[in-house]
Amino acid sequence: MIEVETVKIPKVLPLLPVRDMVMYPSVTLPLFLGREMSINAVEKSLSTDRLILVAAQKDLTDEDPLPARIHSLGVVSQIMRMLRLPDGRIKILVQGLKRAQIAKYVQERPTYLVELTTIEEPIITEITLEIEALMRYIKEEMEKVVSMGRMIPPDVLLVLDTIDEPGKFADVACANLGLPVGKAQEILEIIDPIERLKKLSEIIGKEIQLLNMQAKILSTAKEEMTKSQRDYFLREQMKAIRCELGEIDEREDEAKDLRKRVKKSKMPKEIEKEVKKQVERLEMMHPDAIESNMLRTYIEWLVELPWDRSTKDNIHIAKVKKVLDEDHYGLDKVKERILEFLSVIKLKGVMKGPILCFVGPPGVGKTSLGRSIARAMGRSFLRISLGGMKDEAEIRGHRRTYVGAMPGRIIQGLKQAGTNNPVFMLDEIDKIGMDFRGDPASALLEVLDPEQNCAFSDHYLNLPFDLSKVMFITTANRIDTVPPALEDRMEVISLPGYTEREKLIIAKRYLVPKQMKENGLKRSLLRFGDKALEKLIRDYTREAGVRNLEREIASVSRKVAKRLAEGKKNKVMITPQNLHSFLGPLKFMPETAIATDIPGVACGLAWTETGGELLFVEASCRKGRRELTLTGSMGDVMKESAQAALTYIKAKAKQLNIPQESFDELEMHIHVPQGAIPKDGPSAGVTMAVAMISALTQKVIASKIAMTGEITLTGRVLPIGGLKEKTLAALRAGLKKVIIPEENLKDLEDIPDYVKRKVTFLPVKDMDDVIKLLFSAPSPKRRPLPGKRIHRERSLLLRQR
């Protein structure tokens, strides 16, 4: 060991800040250094006299400590050895020589150079009884520390036996005791050796008490823990320490908080009694048990549900009507039914009636109607989509026995809303699935039944919750896919598609201002002409709603915004002539462009989820096998309609001037264009019968007539559905006349007057009326039928023989 007296200490030395340790005189320690400033300090020291000042940092996480964050008292040390490691770090062995106080910082980059003042310790000339007692006590206590499992080098006790100097004894003992940096620095700064021994004896005494307490805690925790809880050993130690320190038990505090929240939630008495019982169970459980966490989550769900929190209804019928008119144009019958529904709620005070179900094509405003109702009533609005849902647990929740169990979407929504009377919209109820996990549609029966939902039981809660105050509204694109039992619990309100005139007004009032606002445009910079909007509606969209119309308006707005961003500040006027420059070529050609001036082609009308569409049926007959070929992705019902139509034609062949023998070797082929799209339904029966008659008689059907109706074997024409949508499709295509079943005359009340002024409806009872309307006029050029040609050829052969 180097003697301090033989080393001359200069006034300026490099400074080495260290973390997580304190250097002492007469102690030799290895240090691993990786910081650039530390490596620079070592290199500076090695280039001179190998001396360096080692001082501890105040903040262990500080990578580049400032002077104010380094303790001012350190130890002048000598570097004994230095080794460079492969990872760029260096390892040094340093020996502490003497305490020194930093007077000032001479240099800060690339490393700290400090001016220091060495500190001389008082010289102890005589070892008094007090000093000897202190040294012996410290040594004995360190032996206890070693026996209790503290990691102390075994040779330290032997070294302490050979040290007679009190200051040196205290430094060596403190350096090997493993004290925190704060306490170790505190001892380092005590200059008087006797005071240093006293402080060290006090600290080591507390350390012995702490180790005894730790052993007691260890024993207590091991007795309480089961085999599955060994992973939480350290947490048990911490909790036992808090108990010994007299801190409040977290479990008691948590239970008190839960009881306070239960009382605040104002839940029904029966449910409150059950929840309090669960809180008591939670208190008795071990806090780290798996079931404890599950029960805690369950109780939190119960106290956070809106058992007694409601929003006050503000039902003013005039205000509701104003809100509905502001948000939606048209839909008069739908609005009237909504106002009736809300009027009953206002007069009766409670809502226990049918669930409203909005049925209509996409984009007609079903979801936004629900949002408007909530806004008008002052209630919260919630929406969940049921499309593709196949798991019953999505509605009823999971049972708590499953890992990761949660309540169903209904209870989750109520918690999110914070009230027990929101407007709750269930979208896409017609697209619910079903598989081995259950039938969500059956689970909805309880939710949507006013007689049952007052005590709805979620599998997770396993307690009744009153849903009778919730205003449920469902939406669907079609009602035929909704299970009958579920449909029976709802009042269906149909939202048909919009006419072109209605779309024009909607675009002017709602869509254009909305898209201009979203794209940062002012009215003075962009204007849509009425003719341009009409062309956009007619030639760029084909839908019952206005969703694609809004997309096209948004596309135009973005292009105008791009022009403005490029510096072109001129006002843009959208006209039919320049519309193609924004949206490109027409996306939809007029449907009447399909040739109907040839025999065997008839124009029908079909209903789809997106509204009405034209349905062209092509029929062709030729010599061949006696069979009926059907192509174009027809469904079973449509194929049966074609068979029935052919049977009717054969029965009426004489009246239609069709030779009976022509059917003997006649092959009839019916094709519906757009074969990739599946088609089905009975309403094409009249259209297919007319197409086959036209093909057999070679008479051309007028191109401005569309038709719809179901046909029977006797020729009766039965009523159909979706008349308004089909009529709008005919009007959109420019057709002037529509043949409809006579029993559908009652449905004309739902069709706007201006549509009825443009379209002539031709009611028919049976196919005889249809034939009179279409085939009574003289036929244009008529080619001989394949059957007649066959008959003539046979007669010619007989004559030759």
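This is a tour of selected parts of a predicted model, stop by stop.

Residues are numbered from 1 along each chain as its sequence is written. In this predicted model local features need pLDDT of at least 70, side-chain atom pairs count only at pLDDT 80 or more, and totals for chains, interfaces and linings use all residues, while side-chain values use heavy atoms, without hydrogens and water.

**Stop 1: the open sheet**

Strands are DSSP runs of E with at least two residues, helices are runs of H or I with at least four, and both are numbered from the N terminus. These 5 strands form an open sheet with parallel pairing, in the order 8-9-12-7-13. Two strands pair if DSSP finds at least two bridges between them. Which strands stand at the edges? They are strand 8 (381–385) and strand 13 (490–494); each has a single partner strand, so one side of each is left without a neighbour in the sheet. From one strand to the next, the twist averages 25°.

Now select residues 355–359 and 471–476. These are strand 7 and strand 12, which pair in the parallel sense over 4 bridges. Look for Leu356, which stands opposite Ile473 in strand 12.

**Stop 2: helices on the sheet**

Contact means heavy atoms within 4.5 Å. Axes are lines fitted to C-alpha atoms, for helices over the stretch in contact, and angles run from 0 to 180 degrees between N-to-C directions.

**Stop 3: helix 11 and its neighbours**

Show helix 11 beside helix 12. At what angle do helix 11 and helix 12 pack? The angle is about 150°, and the axes are 10 Å apart. That makes helix 11 roughly antiparallel to helix 12, a term for angles over 145 degrees. Residues of helix 11, including Val320 and Leu324, meet residues of helix 12, including Ile338 and Leu342.

Next, select Ser372, which is in helix 13 (residues 366–377). Ser372 counts as buried, at 2% relative accessibility. Buried means under 20% relative accessible area, exposed over 50%, and partly exposed in between (1.4 Å probe, protein chains only). Leaving aside residues up to four places away in sequence, Ser372 touches Val323, Leu324, Asp327 and His328.

**Stop 4: a bent helix**

Select residues 500–518. Where does helix 18 bend? The bend is at Ala507 and is about 50°; such a bend is the angle between axes fitted to the seven residues ending there and the seven starting there. Ala507 is among the buried residues of helix 18, as are Leu504 and Tyr510. The buried residues of helix 18 pack against several elements, including helix 11 (317–327) and helix 20 (547–565). Just after the helix, Gly520 takes a positive phi of about 70°.

**Stop 5: backbone in the loops**

Most residues other than glycine have a negative phi, and most peptide bonds are trans. Select Arg109 and Pro110: the peptide bond between them is cis, with omega near 5°. Pro110 lies in the loop between strand 5 (90–107) and strand 6 (113–118).

Finally, compare two residues:

- Glu428 has a positive phi near 55° and counts as partly exposed, at 25% relative accessibility.
- Asn657 has a positive phi near 60° and counts as exposed, at 56% relative accessibility.

Notes
Angles under 35 degrees count as roughly parallel, over 145 as roughly antiparallel, 65 to 115 as roughly perpendicular and the rest as oblique.
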